[in-house]
Amino acid sequence: MKFRTLAVAAALAALGAGAVVAADEPQVVRQEMMKKVGGAMGALAGIAKGEKPYDAEIVKASLTTMSEVAKAFPDQFPVGSEAGSETEAKAAIWESMDDFKAKSLKFGADAETVLAGMPADQAAVGAALGTISPSCGGCHEVYRVKN
C-alpha cells in the first residue's frame, strides 16, 4: 500500500515538473500571450457590438493588455522555437524577424494611442477596434498558420 502511494506521488510530481518546464517553453508562453490578446479583443468587440455594456475599466485593461503583450511578444521567438507541431507560427517570423518585431510594436503603439484617448462609449470602442484590428490582423496574415 505504501509503495503504491509513493509511486503515484512520484508520478504526479514528475508530471507536475514536466508542466513547469512546458510552461517556460516559448511556444507555450506565446500561446498564453495570444490568449490574453484574444480575450482583450473579445471584450472590446462585445462592447462595440452592444453585447456587453460599456465599462471603462474593461476597456482600459484590454488596451493595456494588448500594449504590454505586443512589446514582449517578439521576444518569445528565439531561434530554435520554430520547430514543433504545437505552434501556429510560420517560419517567416524567423526569416523576417525585424519586420515581425515592427508589426508587433505597431500593434502595441496602436493600442497605446487608443488608450491615450480612452474610448468613452460603445461607438468609440468600435472606432478603436477599427484602429487596432488592422495591425493585429496584418501580422496574422503574414506570420500565422491558418487552421
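This is a predicted model: local features need pLDDT of at least 70, side-chain atom pairs count only at pLDDT 80 or more; totals for chains, interfaces and linings use all residues.
User: How many residues in the contact of helix 2 with helix 3 are nonpolar?

Analyst: Contact means heavy atoms within 4.5 Å. Helix 2 contributes M33, M34, K36, V37, A40, M41, A43, L44 and I47, while helix 3 contributes I58, V59, S62, L63, T65, M66, V69 and A72. Ala, Val, Leu, Ile, Met, Phe, Trp, Tyr, Cys and Pro count as nonpolar, Asp, Glu, Lys and Arg as charged, and the others, Gly among them, as polar. With 2 polar and 1 charged residue in this contact, the nonpolar number is 14.

User: At roughly what angle do the axes of helix 2 and helix 6 cross?

Analyst: From helix 2, M34, M41, L44, A45, I47 and A48 meet Q122, V125, G126, L129, I132, S133, C136 and H140 of helix 6. By class, this contact has 10 nonpolar and 4 polar residues, and no charged ones. Helix 6 spans residues 122-143, and its axis comes within 9 Å of that of helix 2, at a crossing angle of roughly 145°.

User: How many helices and strands are there in the protein?

Analyst: Helices (H or I, at least four residues) and strands (E, at least two) are DSSP runs, numbered from the N terminus. Read from the N terminus, the order of elements is α-α-α-α-α-α. The count is 6 helices and 0 strands.

User: Which residues have the most contacts inside the largest nonpolar core?

Analyst: A nonpolar core is a set of buried Ala, Val, Leu, Ile, Met, Phe, Trp, Tyr and Cys residues joined through side-chain atoms within 4.5 Å. The largest one holds 29 residues, and two or more come from each of helix 2, helix 3, helix 4 (92-95), helix 5 (97-116) and helix 6. Beyond four places in sequence, F107 touches V37, M41, M66, A70, I132, S135 and C136. Those with the most contacts inside the core are M66, F77, I93, F100 and F107.

User: Is S81 buried or exposed?

Analyst: S81 lies in the loop between helix 3 and helix 4. Apart from neighbours within four places in sequence, S81 is in contact with P26, Q27, R30, Q76 and W94. Buried means under 20% relative accessible area, exposed over 50%, and partly exposed in between (1.4 Å probe, protein chains only). The relative accessible area of S81 is 5%, so S81 is buried.

User: How far apart in space are A61 and A40, C-alpha to C-alpha?

Analyst: A61 belongs to helix 3 and counts as partly exposed, at 43% relative accessibility. In sequence, A61 and A40 are 21 residues apart. Their C-alpha to C-alpha distance is 7.8 Å.

User: What percentage of the residues of the protein count as buried?

Analyst: A124 in helix 6 is partly exposed, with a relative accessible area of 25%. Of the 147 residues of the protein, the share that counts as buried is 30%.

How values were computed. Residues are numbered from 1 along each chain as its sequence is written. Side-chain values use heavy atoms; hydrogens and water are left out. Axes are lines fitted to C-alpha atoms, for helices over the stretch in contact, and angles run from 0 to 180 degrees between N-to-C directions.
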